[in-house]
Amino acid sequence: GTSVWSPIFENLQHPRIGTVFQTAEGAIFMGTEKGFFKTVNKGKSWKLVHTGALAGHLAELNGVLLGISDRGIIRSTDNGENWAVVMSEGVAWDVKMIEGGFAAINYSTTAKTRRIRTSYDGGQTWQPIDAGLPASLSIASIVQVGENFFCGHPKGIFKSSDKGRTWKLLLPAIDGKVFNLSVSGNVIYAIPRSGGC
């Protein structure tokens, strides 16, 4: 139940936890300011499996784990034991599982803005899908519900029904904030927050 809570990450000296993720195999990952820690015994012991700042969001599909880091998008095919950089153009901000692949947001050092990209080969190659969106340094999130993509953007919430070729503004921004989007089933939750990091 939820009436009793037990600490499982109290003995480590890296208190800034950014994310928690559990894989299909039951491993639990914590993304911290120092990197990714992993436990396979419900938090009795933890192992640092990737070192690097901004270790954050994780996504999994068909045995492939992707994560974000200050080096870009990182990838593991052995349940998080080893990681390789698969997209190194700038810092990565978000990665999500989508139908048949992954979607990610990263900072493009070429375009000097955040970009949205998709991968349908397990994160090995990436294609931009944001040509129809206004360029921005504060794109916050990308999610999929059914066949549609939704983007939290400084101008509001955008929707694409054609895999990102075109985008339509559904809800304008409120008080200059950016919506962070989360999905549960077919319900999208939009939380307005200040843009940027």
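Strands here are DSSP runs of E with at least two residues, numbered from the N terminus. The model you are looking at is predicted, so local features need pLDDT of at least 70 and side-chain atom pairs count only at pLDDT 80 or more, while totals for chains, interfaces and linings use all residues. Residues are numbered from 1 along each chain as its sequence is written, and side-chain values use heavy atoms, without hydrogens and water.

Let's start with a sheet. Four strands form an open sheet in the order β5-β6-β7-β8, with antiparallel pairing (two strands pair if DSSP finds at least two bridges between them). At its edges lie β5 (58–61) and β8 (84–87), each pairing on one side only. Inside the sheet, β6 (residues 64–69) runs antiparallel to β7 (residues 72–76), and five bridges join them. Leu65, for example, has Ser76 in β7 as its bridge partner.

Now look for the second largest pocket, which holds about 330 Å³ of space. A pocket is an open set of points on a 1 Å grid over the protein atoms alone, where a 1.4 Å probe fits, with protein on both sides within 12 Å along at least five of seven lines; lining residues have an atom within 4 Å of a point. The volume is the space filled by probe spheres set on the points, which are joined across faces, edges and corners.
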